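Look at the structure, then read on.

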Amino acid sequence: MSFDHLRATYFEESAELLESAYAQLSALAEDRADGDTMHALFRAIHSIKGGGGAFGFTRLVGLAHVMETLLDHLRDGSLASTPDRMALLLKATDALADLLGAEQRDEAMPEGFEKGLIAALAAVVESPGRAMKTGLPATALTPAATDGAGWRIIFRPHAALFRHANEPLLLIRALRALGPVSVSVDLGRLPGLEVLEPEDACLAWTLDLAAPVPRAEVEEIFEFVVDECDLTIEPLGRTVTEAVDAPSDAPPMAAAPTAVPRTEQAAAVQSVRVDVAKVDRLVNLVGELVINQAMLVQIGNAVPPEACPGLVAGLETLSQHLRELQEGVMAIRTQPVKSVFSRMPRLVRELSAQLGKDVRLVVTGEATEIDKTVVEQLADPLTHLLRNALDHGVETPEVREAAGKPRQGTVHLSAEQRGGRILIELSDDGRGIDRARVLARAKERGIVAPDAVLTDNEVDELIFMPGFSTAAVVSAVSGRGVGMDVVRRNIQSLGGRIAVESRFGQGSRFVLSLPLTLAVLDGLVVSVGREAYILPIASIVESLRPRPQDIHDVVGRGQVLSIRGAYIPLLALHRAFGVADAVLDPSRGIVVIAETDHAGRVGLLVDDLVGQHQVVVKSMEGNYGRIPGIGGATILGNGRVALILDVAGLAETTDRGAATRHAPPAAAVLH
Amino acid sequence: MAKRVMTVDDSRTMREMVSFTLRKAGFEVSEAEDGQKALSALQSRPVDVVITDLNMPVMDGVALIRALRADPKCRSLPILMLTTESDSGKKMEGKNAGATGWLVKPFDPDKLVDVVKRVAG
């Protein structure tokens with residue numbers, strides 16, 4: 001562990017705390033608050049401040065401090081929580097998030113960024129009838145003074161000192177660390193053994209410290225016990241006595257705990273924090289087991305059942321347990337989508353203010369869990385979709401009213417698990433996709449042929465094409481040179497798919513379908529010669545055995561396949577990988593049509609389809625670097641290694657190898 | 001044998017900072033995220049010093065101190081409070097409940113080690 005590690009922990013924890021703070025704030029705003037809401041909010045800000053102080057993030061601490069003061073008044077009821085104050089706290093939390101983000105990136109927010117907020121918060125706290133709580137006065141230490149000779153300390157503990165688990169011997173030892181100490185003990189108050197109360201304090205010491213240390217250092221040693229003893233510290237060799245005031249008796253001890261532990265705590269989720277590397281190791285090992293099991297099953301199938309009666313049943317049980325084990329281990333890596341969903345309300349708040357729109361965000365299914373990596377990489381695409389929904393989807397209140405809709409627009413963000421996938425939906429009740437405009441734009445940009453006739457769905461799909469941007473005016477909000485094609489690519493790189501549905505004038509709905517985990521892939525096993533390759537199912541559109549007359553040779557482009565009036569470039573895997581003994585004639589093999597981002601659809605020529613399998617993805621980057629066209633490798637049930645193909649990469653590589661790329665014939669891209 | 005310290009704090013950052021500092025100084029450190037968890041962990045494995053935050057969910061620091069002092073086995077267990085300058089009221093409460101001493105956040109690592117040594121011996 002190192003300082004960097006601590007820093008990373010702080011930022012990680014602060015992100016969680018901010019998330020919790022936002023959740024409490026929205027509970028307060030929506031009147032869902034219970035007794036603990038304000039306390040939880042206070043603790044979140046308090047912890048961010050505490051850690052921030054340790055790292056010297058003074059600006060952040062300054063802001064958190066006034067927030068905390070206000071929260072303290074709100075929770076003890078000395079100030080009422082009004083909508084204004086909640087709004088102020090929300091803004092302050094936003095600013096705190098910005099300051100944290102800046103520190104994390106080793107940047108600084110503009111000078112004076114948080115000043116206005118601090119002043120506003122302080123004004124609330126100092127409002128009439130409310131005195132600002134000042135910090136605790138520093139422990140009454142007399143100014144540091146050195147003396148030539150040293151100090152005489154007369155120390156008479158009270159019984160309370162022992163009840164606080166302080167130990168005179170240790171204090172004397174600590175004093176000795178400052179210099180030579182001569183100790184004399186005063187036994188004058190020691191009663192006879194028969195009346196001695198073991199818990200009474202009967203001894204007193206005179207300690208002469210022969211070292212010219214500042215008085216403060218001596219006082220520091222006794223700082224915890226000044227209230228529990230008679231203490232006199234005077235310069236050695238002088239007669240002036242300076243007594244540190246001490247109350248004659250310590251306050252009585254509370255006999256029993258008064259705080260009743262809350263009953264909900266039994267229901268609280270117990271959690272363990274584990275290094276991701278350890279989990280990945282488990283995932284990997286389970287992957288190996290799955291492969292092993294597949295091998296055993298294959299061997300088992302070759303054994304006649306009567307030769308080994310229990311074998312088949314045993315293998316079946318093994319498979320079943322292994323599947324459960326695999327699911328269990330994968331579940332460790334999952335995380336609620338809440339961590340990314342919770343960033344969205346702020347975005348909506350800020351954007352609607354910026355765009356002059358009134359938008360309500362409704363979030364459901366935040367507890368849905370998905371692989372940690374997927375969650376992390378979901379933030380960008382979701383942000384982009386949300387920006388689009390607010391910028392292009394939801395209309396201004398005036399326009400909405402004129403269209404007979406409520407002035408306030410609604411954006412719905414939801415997540416749910418369906419089968420082995422997670423569906424994330426973002427829908428709005430805005431104007432929907434203007435298909436006439438989209439089509440006109442696509443024709444103008446040469447994305448589709450001028451005379452192309454497309455179905456509604458195909459037109460909607462056009463917004464995902466590279467080089468397409470719907471906004472007539474590139475606005476500050478959406479027009480950042482990043483289009484929906486990038487969103488689609490991001491989602492696809494996570495093994496997911498994105499689809500859109502829209503009704504003009506009524507709104508749009510984007511559905512993201514994502515795999516539960518990245519460690520396992522649904523793959524189609526294909527054979528080429530004596531080799532086997534895996535194609536990710538997510539990218540496959542269809543597979544077919546082409547008729548000889550559908551295969552055409554195009555100069556400079558190699559072979560293309562004509563299918564339902566469209567032309568798709570053919571890519572022979574045996575040629576790409578130099579496999580001998582493969583089927584050379586496409587009409588005797590199988591063409592698997594796959595969808596890619598840039599190259600559109602591609603037909604992959606293989607010998608045969610072997611089957612669909614869940615395969616455990618093994619990265620090869622560690623050993624071989626990044627290989628274009630190859631996404632990883634896996635071990636098949638027969639123990640052989642098979643490469644997992646990255647179709648888009650493969651298409652690009654072979655494309656570069658071929659001559660210049662021509663635009664495909666009319667509308668080919670869309671079929 | 002290394003002295004054992006337990007740090008009780010709902011903030012993981014603070015727990016890790018305390019652990020990091022004390023482990024470097026040769027202490028054996030365990031962590032708990034609230035008073036309740038600290039109490040149950042201490043049942044099975046006692047320590048030589050407890051360092052506790054005051055503001056925590058479930059069971060706060062003052063309640064933890066009271067509970068420990070009510071337990072005959074923990075009457076002479078040194079308990080340090082980790083407070084902030086704005087916690088003055090809580091600090092007095094903690095002191096009255098039987099805390100041995102306190103440290104102010106953000107703490108100076110050397111001071112933390114000194115203080116723990118001073119109360120743990």
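Two residues are in contact if their C-beta atoms, placed from the backbone, lie within 7 Å. Keep that cut-off in mind below. This is a predicted model.

**Leu64 of chain B**

Leu64(B) is part of helix H3 of chain B. Set aside its neighbours within four places in sequence. Leu64(B) is then in contact with Val8(B), Gly35(B), Ala38(B), Leu39(B), Thr52(B) and Met59(B). Take Gly35(B) from that list. Leu64(B) and Gly35(B) are 29 residues apart in sequence, yet their C-alpha atoms are 5.2 Å apart in space. Leu64(B) counts as buried because it has 31 C-beta neighbours inside 10 Å, and 20 or more is the cut-off for that class.

**An annotated aspartate**

Asp53(B) sits in strand S3 of chain B. An unreviewed UniProt entry annotates Asp53(B) as "modified residue: 4-aspartylphosphate". Is Asp53(B) buried or exposed? Asp53(B) is buried, since 30 other C-beta atoms lie within 10 Å. Beyond its neighbours within four places in sequence, Asp53(B) is in contact with Val8(B), Asp9(B), Asp10(B), Met14(B), Gly61(B) and Leu82(B).

**Two residues with positive phi**

Asp106(A) is not a glycine, but it has a positive phi of about 60 degrees. Its place is the loop between helix H4 (83-104) and helix H5 (115-125) of chain A. Asp106(A) counts as exposed because it has 6 C-beta neighbours inside 10 Å, and the limit for exposed is 12 or fewer.

Val58(B) is not a glycine either, and its phi is positive at about 65 degrees. Val58(B) is in the loop between strand S3 (49-53) and helix H3 (61-70) of chain B. With 18 C-beta neighbours inside 10 Å, Val58(B) counts as partly exposed.

The table lists the neighbour counts.

| Residue | C-beta neighbours inside 10 Å | Class |
|---|---|---|
| Asp106(A) | 6 C-beta neighbours | exposed |
| Val58(B) | 18 C-beta neighbours | partly exposed |
| Leu64(B) | 31 C-beta neighbours | buried |

**Helix pairs**

Two packed helices are described by the angle and the distance between their axes.

Start with chain B. The axes of helix H1 (residues 12-24) and helix H5 (residues 109-120) of chain B come within 10 Å and cross at roughly 70 degrees. H1(B) and H5(B) are therefore roughly perpendicular to each other. Their crossing is right-handed. On H1(B), Val18(B), Thr21(B) and Leu22(B) meet Pro109(B), Leu112(B), Val113(B) and Val116(B) on H5(B). This contact of H1(B) with H5(B) has six nonpolar residues, one polar and no charged ones.

Now chain A. How do the axes of H13(A) and H17(A) cross, and at roughly what angle? Helix H13 (residues 372-393) and helix H17 (residues 484-493) of chain A have axes that come within 10 Å and cross at roughly 150 degrees. H13(A) and H17(A) are therefore roughly antiparallel to each other. H13(A) passes H17(A) in a left-handed crossing. Gln377(A), Asp380(A), Pro381(A), His384(A) and Leu385(A) in H13(A) meet Val487(A), Asn490(A) and Ile491(A) in H17(A). The residues of this contact divide into four nonpolar, three polar and one charged.

**Chain A as a whole**

Chain A has 20 helices and 23 strands. Of its 671 residues, 32% count as buried. Among contacts in chain A with a separation of 6 or more, 69% join residues 24 or more positions apart.

Definitions and conventions:
Residues are numbered from 1 along each chain as its sequence is written. Chains are lettered from A and ligands numbered from 1 in the order in which they are written. This is a predicted model: local features need pLDDT of at least 70, side-chain atom pairs count only at pLDDT 80 or more; totals for chains, interfaces and linings use all residues. Helices (H or I, at least four residues) and strands (E, at least two) are DSSP runs, numbered from the N terminus. Axes are lines fitted to C-alpha atoms, for helices over the stretch in contact, and angles run from 0 to 180 degrees between N-to-C directions. Angles under 35 degrees count as roughly parallel, over 145 as roughly antiparallel, 65 to 115 as roughly perpendicular and the rest as oblique. A crossing is left-handed if the near helix is turned anticlockwise from the far one by less than a right angle, and right-handed if clockwise. Ala, Val, Leu, Ile, Met, Phe, Trp, Tyr, Cys and Pro count as nonpolar, Asp, Glu, Lys and Arg as charged, and the others, Gly among them, as polar. UniProt positions are given in the numbering used here, feature names are shortened, and annotations may be inferred rather than shown by experiment.
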